[in-house]
Amino acid sequence: MSTDTTPTRRIDSIPKAYEPQAVEKRLYAWWEERGYFKPRERADRKPFVISMPPPNVTGALHLGHAITATIEDALIRYHRMKGDPTLWVPGEDHAGIATQAVVERALANEGKSRLEVGREAFVERVWEWVRQYRHRIQDQHRRLGASCDWSRARFTLDEGLSQAVREVFVRLWEEKLLYRADRIINWCPSCMTSISDLEVEIEETPGKLTYIRYPLEEPVKGGPSHITVATTRPETMLGDTAVAVHPDDKRYKALIGKHLILPIMNRRIPIVGDDAVDASFGTGAVKVTPAHDPTDFEIGNRHALSRIQVIGFDAKMTAEAGQFAGLDRFDARKAVMAELKRLGVVEKEADYTVPLGYCQRSHTIIEPLPSLQWWVRMAPLATGALGAVTYGQTRIVPLRFNKTYADWLENIRDWNISRQLWWGHRIPAWYCATCGETTVAREDPTVCAHCGSEKIERDPDVLDTWFSSWLWPFSTLGWPEDTPDLRRYYPTAVLETGYDILFFWVARMMMSGIHFMGVAPFSVIYLHGLVRDEQGRKMSKSLGNVIDPLEVMDEFGTDALRFTLATSSSPGNDMKLVPARIVGNRNFANKIWNASRFVIGQ
């Protein structure tokens, strides 16, 4: 009689220590091959659906992706075991600015630039890069044990999702919720594109507050001979076209309507009264540079002031800056200060902490510049998204983020959606050289829709990456087509993501889902915190405290990492990743292995 199936033989075939590398990959492949990650339909059960937050296709997954995958996988497996039709839709984001930057750096290493290779060849080069790295992202999610339905994997530049983006653009245009206007934008001189307000990080930065005397054109008898203004950016004074005071400020009321002579440039500029001026700041008189400040831009519009742009999109001084033309903006600041001191018009300088805007991606100081861009009117879209949470259609966990969410929606500003890039969804708008009108179309036109002229040219810009990902819960299910997946699996059940993208992505998905589908895209928004090191510091390469989840899994196994992340986190709170806990949880996994080995042996 064979003894192959005796308890002793069975237990001898199982290693005494858990070896995750020998188990995880084989087991995951077996699950996937047998179709266990696909939803098993039951007409009597409501589907449980999660749309995975799409990671950027620019590189490796990090701990933020790991905690997202851990929590979402736990929810998915729980509902799958309950017998619910369970779908987890995976995918990746094309990450416009970040991906283009990576490929441009690769070209630079070859001694080339995107302008040299041309738009078509450059875009194909990016596609080659994406085809290579997209699979790497998916394989890393497999390593994390994410039980997604990979047959439904989506990419924001897939044909179907691109059709959804175009349909939304056209519909918003038809509904007059989309417009093109010349306004002050956040310009990143490093990324060489505009970015939205949400992509600007404000940092308190040490600086100087400089007080400069602007002489009156005609001194008032018995009154002042000049007005002193305070500024943190003396280089922009070269573009001043007025000085503004509050209309009720008794110090300056009699001077409104008179003129000053701008130092260095010797330009005659008016004194205007405007309610936007804070009489308590500085001297109560502010220089007005409509081409370099959003508030000054609005003051300029109200008083019909000219716009003089003295800093270009390359962050260098323009010809309008006179003798300072060609200087870097910060070099120009030093040169302007030297000239002002030579002229004897600097009254004083004081240390001052400046709330400076930095590009979230490049950490370059943002330059506010005037530009003709595309914008979405957000206030009409925000109403439904606000109501869905206020009246309980969608629940945010933890509850304290309701206020954060509501405050942003109640004070929302229009969204600048055009980006000066080549990688992304190109704006479907054509401009006519004959009649000057704009054609926005679902299919590429050959003639102007207004006058029939063939002299039309497509907008060179692409759309903000978030303009595609705000459609994610329904575009991934086939919208705008009426697909079986869309009918069955929308709205989804839970959105699980980090609180740091509540505005970037979550609120925008709420707006688009309600506007285009008529119902909120999820019933629960679960927000996790950031993963920090054991001292509570944010992980960064400069601090040398970055933990690569792939390296952790190689050493300790996926279960140890996932269990550590799951037991160390709570909704909405940052967590400290303590290496000792990973070791302890690896040992815990080994105890479970040995307990199982003991049971099998009996």
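Two strands count as paired if DSSP finds at least two bridges between them. Helices (H or I, at least four residues) and strands (E, at least two) are DSSP runs, numbered from the N terminus.

Colleagues, the model I present is predicted: local features need pLDDT of at least 70, side-chain atom pairs count only at pLDDT 80 or more, and totals for chains, interfaces and linings use all residues. Residues are numbered from 1 along each chain as its sequence is written, and side-chain values use heavy atoms, with hydrogens and water left out.

I begin with the sheet. Strand β9, residues 242-245, is joined by 3 bridges to strand β11, residues 267-273, and the two run parallel. Within β11, G273 is the bridge partner of V245. The open sheet to which they belong has 4 strands, ordered β10-β11-β9-β12, with mixed pairing. Its edge strands, β10 (259-262) and β12 (285-288), each pair on one side only. On average, neighbouring strands in this sheet are turned by 30 degrees against each other, direction ignored.

I turn now to two helices. The axes of α17 (residues 558-568) and α18 (residues 579-601) come within 8 Å and cross at roughly 120 degrees; axes are lines fitted to C-alpha atoms, for helices over the stretch in contact, and angles run from 0 to 180 degrees between N-to-C directions. The pair is therefore oblique, the class left once angles under 35 degrees (roughly parallel), over 145 (roughly antiparallel) and 65 to 115 (roughly perpendicular) are set aside.

Which residues of α17 meet α18? They are A560, F563, T564, T567 and S568, facing R581, I582, N585, R586 and F588 in α18, where contact means heavy atoms within 4.5 Å.
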